[in-house]
Amino acid sequence: MACALAADRAHAQPGTIRFGLTPVFLTNDLELLDAFRAYLESETGYQVELITRRTYQEVTALLVSGQLDAAWICGYPFVRYRNELELVAVPQWHGKPLYQSYLIVSEEREASSLADLQDDIHAFSDPDSNSGYLVTRALLFEKGLNPDYFFRRTIYTYGHRNVIRAVASGLAQSGSVDGYVWEVMRDIEPELVAGTRPLRKSEWLGFPPVATNKSLAGSDRIAALSGALLTIPEKEQGRRVLEMLKLTGFTSSGPEIFDGIASKVAMLRGVL
């Protein structure tokens with residue numbers, strides 16, 4: 001592990017912003033990644049290296065240890081590492097820095113409540129995902145239930161798109177997914193999402209943020225990155241990126257926007 005971190009550190013250059021991406025981000029769209037990188041480079045004056053990893057844990061570990069300048073993470077790891085991290089910007093979807101977690105089932109399934117999902121094979125996105133795990137875990141806990149016993153089997157797909165694919169294909173009978181990703185995919189991959197439907201939508205929660213290590217929060221790189229994100233709707237190139245992301249912009253919301261997630265973490269303390 002120490003050798004791997006040393007290697008990661010060696011790749012970082014003074015004129016480079018190392019920006020981590022988790023499966024919250026639509027990372028399989030190469031055109032989007034190229035457009036996002038190009039915009040950030042043009043607006044910050046730094047070279048930008050986009051770092052992707054398979055799991056939230058891998059990206060969060062690099063961020064907390066200072067191996068990344070910033071990362072687009074999930075609200076759940078931000079809450080868990082609140083003492084080590086600082087917000088850079090929070091995306092806005094439909095004009096608000098909020099989103100929901102969806103419990104999804106196949107389109108034709110006659111299920112109407114959480115109780116109908118008992119004994120399912122259930123697809124979670126990632127054990128460190130708010131919408132893809134924590135929300136459903138907290139919902140079950142409030143009802144005195146444990147997913148290890150309530151569901152016949154649980155699987156982790158390590159990607160919200162993969163949760164939708166699992167339910168649409170019948171690999172899983174239900175799933176926990178980021179509502180933003182489900183809605184975006186309904187626009188860009190309607191043939192896949194058409195095989196699923198939301199059974200339940202959670203309350204509105206803080207949208208997955210861009211965060212940095214507190215030790216880097218005052219650096220020129222982070223100031224440049226924050227400025228580029230907060231002004232993205234003002235630039236033609238930035239508006240193109242927002243259109244591809246189906247977002248309306250970024251805001252400088254305070255950490256209190258994640259209080260709803262923090263309450264779920266507190267409720268499950270000693271259980272997770």
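Guide: An axis is a line fitted to C-alpha atoms, for helices over the stretch in contact, and angles run from 0 to 180 degrees between N-to-C directions. Helices (H or I, at least four residues) and strands (E, at least two) are DSSP runs, numbered from the N terminus. The model is a predicted one, in which local features need pLDDT of at least 70 and side-chain atom pairs count only at pLDDT 80 or more, while totals for chains, interfaces and linings use all residues. Residues are numbered from 1 along each chain as its sequence is written, and side-chain values use heavy atoms, with hydrogens and water left out.

Visitor: At what angle do helix 2 and helix 10 cross?

Guide: Helix 2 and helix 10 (residues 220-230) cross at roughly 115°, and their axes come within 9 Å. In contact, meaning heavy atoms within 4.5 Å, are Phe36, Tyr39, Leu40, Glu43 and Thr44 of helix 2 and Ala224, Leu225, Ala228 and Leu229 of helix 10.

Visitor: How are helix 2 and helix 11 oriented to each other?

Guide: Angles under 35 degrees count as roughly parallel, over 145 as roughly antiparallel, 65 to 115 as roughly perpendicular and the rest as oblique. Helix 2 (residues 30-44) packs against helix 11 (residues 236-245) at about 150°, with the axes 9 Å apart; the two are therefore roughly antiparallel. Their crossing is left-handed. Phe36 and Tyr39 are among the residues of helix 2 that meet helix 11, and both also belong to the contact with helix 10.

Visitor: Which residues join helix 5 to helix 12?

Guide: The axes of helix 5 and helix 12 (residues 259-267) come within 10 Å and cross at roughly 55°, and the pair is therefore oblique. Helix 5 contributes Asn130, Leu134, Val135, Ala138, Phe141 and Glu142, and helix 12 contributes Ile261, Lys264, Val265 and Met267.

Visitor: How many cavities of 30 Å³ or more are there?

Guide: On a 1 Å grid over the protein atoms alone, a cavity is a set of points where a 1.4 Å probe fits but cannot get out, and lining residues have an atom within 4 Å of a point. Points are joined across faces, edges and corners, and a volume is the space filled by probe spheres set on them. The count here is one, with about 40 Å³ of space in the largest cavity. Its lining consists of Ser101, Tyr102, Leu103, Val135, Thr136, Leu139 and Arg200.

Technical notes
A crossing is left-handed if the near helix is turned anticlockwise from the far one by less than a right angle, and right-handed if clockwise. On a 1 Å grid over the protein atoms alone, a cavity is a set of points where a 1.4 Å probe fits but cannot get out, and a pocket is an open set with protein on both sides within 12 Å along at least five of seven lines; lining residues have an atom within 4 Å of a point.
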